[in-house]
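Please read them with the coordinates open.

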Amino acid sequence: MRKLKIFCKGLFSSGRLWYNPFIPFSTEIDGVNLTPDTPCAFAKLDRMQFHSIEFIFYFLPAFLAVYYVLRGAARQTVLAAGSLLFYGFAAGWRLLPMGSLLAAVSLGYLGGLLLGRWPKRWALLPLCAVFAGGLVFFKLYLGGVLLPVGMSFYVFQLIAYLADIVRGRISPEKDPLRFLAETSMFPRLLSGPIADSAELQRDCRAPRVGLFTFHMGLQEFVLGLALKVILANRLGGLWAQGAVYGFEAVSTPFMWLALVTWCMRLYFDFYGYSLMAVGLGHMLGYNLPMNFLEPYSAKSVSEFFRRWHATLGRWFRDYLYIPLGGSRQNTARTILNLAVVWAVTGFWHGVGGGYLLWAGVLFLLIVNERLWLRRLLDKSRVLCHVYVVAVILLSWVPFAAGSVQETLVVFRRLFGVGGVGAMEDFRHWIPMTARLFALGLFFATPVPKLLWRRLQKKAWADLGILALFWACLYFIATSAQDPFIYFQF
Amino acid sequence: MKFRYIGLGVSIGASLAALVAVGSYQKETILRPLDLDGGVETVAVPFLLATDGDLKLQVEAAREIRAEEARVPVPQTFSPEESGPAETNPPETNPIETAPPVTEPPETSPAETEPPETTPPETVPTEPAPTETTPPETAPADSGPGGEELPFTPGTAGVFEPGPMVDESWFDNALFIGDSRTDGLRLFSRVGKADYFCSTGLSVYKVLKTECSDKNFASQKLESLLDSRTYGKILICLGINECGGRLDAYVRAYGQLLDTVRAKQPDAVIILQAIMTCSPKKEAQNACFSPANIYQRNEAIRTFADGQTVFYIDVNTLFAGEDGYLPDGFSSDGCHLYAKYYPLWVDWMRCQVYDIPVKGQE
């Protein structure tokens with residue numbers, strides 16, 4: 001009983017130990033009594049996320065067992081309860097995020113019933129204003145620090161739900177539990193994807209649970225996990241190392257290497273996460289949309305953003321750009337609409353000069369493409385790809401650097417202002433990153449997906465997936481000693 | 001199709017069973033020494049984690065010491081080992097230094113008599129001051145201003161007045177041994193034709209077991225490198241990775257390293273570099289990065305210096321602030337200097353070694 005208490009305490013305390021799932025309470029070692037909240041140098045663990053040991057070994061198996069045993073409406077209840085539990089872990093059981101989620105969901109529920117009775121545009125506006133206001137309040141007024149986990153995503157999902165009721169695409173959800181399950185299902189609670197509300201509603205009423213979807217979901221989950229843990233997490237270290245060196249003194253080749261690895265990390269991190277979400281959705285019988293459609297093979301910046309975080313782009317198109325008039329009116333109006341969309345996009349990503357700069361530059365590029373550049377780009381495919389990759393890589397700099405001053409420093413180093421530098425750093429890091437780097441380049445092309453489509457059907461594909469899973473676990477477990485990460489000097 | 005799913009199920013089940021077996025077998029493999037000098041030396045037992053050699057070695061070293069203490073019934077007034085962080089080193093380092101004399105006699109007779117009666121003041125003549133005055137940095141360290149004992153050396157926070165300094169070619173037959181901080185020196189201010197045997201995470205426990213490579217030599221262990229080349233100067237800077245472990249284990253491993261180096265390179269001058277302190281931010285992450293703890297270790301390192309062939313230089317006199325911490329603006333992670341400061345470190349070093357007598361160079 002005491003052990004159980006310690007164990008539970010450990011589970012709920014934020015700075016807890018990182019334990020062996022099979023030795024959850026290592027009590028006595030060398031005569032020293034250990035509790036799960038004994039401080040530990042490398043115990044700083046992410047709060048529950050898809051790639052954490054807690055999620056993979058405790059939460060997911062337990063949840064799936066219950067979910068599969070039950071049938072019918074009970075499944076939705078379990079999904080709702082499990083999602084709240086998951087959110088509790090993810091948000092560290094703090095009142096503000098939990099309260100915000102529940103308040104937003106209740107408001108969405110009541111608003112849906114209301115709009116079902118009077119499907120009028122004027123009734124929709126105040127509801128959306130409340131949601132958007134909440135987001136603005138947290139991001140602007142509280143500086144984004146207290147922004148509840150996943151709020152940007154569930155708020156957008158709720159707005160889409162309400163707008164679709166007004167448009168008559170869906171009917172309002174009457175069952176509050178089912179509504180809770182639908183809007184806050186844990187696979188897409190923290191970082192999307194923002195699903196199509198009609199499809200979500202259909203799936204929630206009759207989830208297609210079966211061995212086939214489970215198998216597919218499991219494969220996708222492991223592939224996503226591998227992208228996140230084996231590629232993204234390890235590629236991210238080089239940028240951090242550059243920050244430790246101080247960017248003003250690194251050599252130009254090193255700066256490029258760091259920037260490219262940072263962009264890879266961003267891509268595989270989010271791509272891996274989205275793939276895991278889709279996989280989890282399949283395991284639960286839901287069909288969630290893919291967020292990333294090989295963005296780096298796009299031929300223009302506007303196409304890149306239709307493939308990059310596609311569900312967010314679709315949301316902006318359907319619920320902001322088209323209601324504003326889209327591109328059906330004159331050119332000036334179209335540009336204005338684009339400006340609004342990109343301003344909101346910049347704000348959605350974060351508050352600060354860097355984000356606005358990022359959005360502004362992309363807006364200018366996209367307008368430019370629409371008006372003049374497209375004609376030039378249509379002439380050569382190679383030119384398109386070079387242009388997109390170069391522009392996109394550079395456009396991430398304000399994101400990576402974080403502040404405007406740091407952005408300027410990075411740009412100066414990227415273009416060798418004040419000398420290229422002594423390259424020792426580059427020579428030192430290139431052998432260590434070369435393999436990961438090559439792997440990253442390979443996975444940024446559409447080839448792996450095509451390859452996987454062919455191999456997927458083979459019987460031994462599952463063995464590969466299993467091996468990959470163990471490799472992921474190994475990297476999760478040893479990430480504390482990753483030389484990239486600064487636990488060692 | 002069904003057959004495939006059965007296969008999947010069986011393989012998942014089998015690997016889970018394997019995990020259970022390995023998990024329960026591995027109960028004690030990985031331990032994290034955290035406490036500085038007290039009895040608590042182990043904390044976490046993460047799973048699947050048999051890779052951290054350094055932790056294992058630290059724990060092994062600590063256990064060896066403990067086992068020896070248990071066997072030998074209190075040698076020479078030595079018992080306060082468990083009495084928490086001791087401010088005075090000599091009694092603590094004595095029992096550890098019983099190991100060095102075994103191998104040390106062959107080379108230098110003055111050094112041979114040194115270990116038993118080590119006294120910190122010995123380093124005073126060895127400290128070549130940048131200007132011709134007596135070393136300003138060692139004086140306040142021994143007895144702080146106003147009688148109150150400062151556990152650290154107050155530095156000048158990067159303000160450096162160059163005195164006479166050696167040419168960069170002085171380092172042509174030098175070998176740097178160190179961790180990631182020396183790695184920074186190598187990457188951002190390489191000097192002369194010096195060799196650098198360093199890697200991220202290197203510690204005194206690992207240094208003899210790790211293979212490193214550099215521009216001028218292929219990947220190999222330290223001993224084989226020392227066998228294959230002759231160095232005039234060997235600069236050692238190790239200690240930040242060991243901060244969380246026990247002091248006595250650290251000093252002992254440090255002594256073993258010195259013995260090895262001395263045996264392989266009898267004519268080389270050995271220069272021991274102090275551990276650079278960290279910023280308050282770093283200390284907030286883990287108390288073992290406090291200047292007090294680091295300086296306690298530096299004192300222990302200093303006792304190895306004899307002023308004849310082994311010297312001690314303290315970089316904290318350059319970078320540390322008045323309070324002994326590494327000031328803000330020198331580092332983003334609180335532990336590693338910004339790349340632009342490594343040349344300053346080298347310039348300072350060139351001043352510090354100016355007075356060190358080197359065989360064949362006078």
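This is a predicted model: local features need pLDDT of at least 70, side-chain atom pairs count only at pLDDT 80 or more; totals for chains, interfaces and linings use all residues.

1. Helix 4 of chain A has buried residues at Pro97(A), Ser100(A), Leu101(A), Ala104(A), Val105(A), Gly108(A), Tyr109(A), Gly111(A), Gly112(A) and Leu115(A). An α-helix has 3.6 residues a turn, so residues three or four places apart point the same way. The cover over the buried residues of helix 4 of chain A includes helix 3 (73-90), helix 5 (121-141), helix 6 (151-167) and helix 7 (176-183) of chain A.

2. On chain A as a whole: there are 21 helices and 2 strands. Of its 489 residues, 40% count as buried. Among the contacts in chain A with a separation of 6 or more, 73% are between residues 24 or more positions apart.

3. Two packed helices are described by the angle between their axes and the distance between the axes. For helix 9 (residues 211-235) and helix 19 (residues 424-443) of chain A, the axes come within 11 Å and cross at roughly 120°. The crossing of helix 9 and helix 19 of chain A is left-handed. Helix 9 of chain A contributes Leu231(A), Arg234(A) and Leu235(A) to the contact, and helix 19 of chain A contributes Leu436(A), Leu439(A), Gly440(A) and Phe443(A). By class, this contact has 5 nonpolar, 1 polar and 1 charged residues.

4. Is Asn330(A) buried or exposed? Asn330(A) lies in the loop between helix 13 (310-321) and helix 14 (331-349) of chain A. Asn330(A) is exposed, because 10 other C-beta atoms lie within 10 Å, and the cut-off for exposed is 12 or fewer. From Asn330(A) to Pro446(A) the C-alpha to C-alpha distance is 37 Å, and the two are 116 residues apart in sequence.

5. In chain B, strand 6 (residues 269-273) and strand 7 pair in the parallel sense over 4 bridges. Gln273(B) has Ile313(B), in strand 7 of chain B, as its bridge partner. In a regular strand the side chains alternate between the two faces of the sheet. From strand 7 (residues 310-313) of chain B, Val310(B) and Tyr312(B) point one way, while Phe311(B) and Ile313(B) point the other way; all are buried.

Definitions and conventions: Residues are numbered from 1 along each chain as its sequence is written. Chains are lettered from A and ligands numbered from 1 in the order in which they are written. A residue is buried if 20 or more other C-beta atoms lie within 10 Å of its own, exposed if 12 or fewer, and partly exposed in between; C-beta atoms are placed from the backbone. Two residues are in contact if their C-beta atoms, placed from the backbone, lie within 7 Å. Axes are lines fitted to C-alpha atoms, for helices over the stretch in contact, and angles run from 0 to 180 degrees between N-to-C directions. A crossing is left-handed if the near helix is turned anticlockwise from the far one by less than a right angle, and right-handed if clockwise. Ala, Val, Leu, Ile, Met, Phe, Trp, Tyr, Cys and Pro count as nonpolar, Asp, Glu, Lys and Arg as charged, and the others, Gly among them, as polar. Two strands pair if DSSP finds at least two bridges between them.
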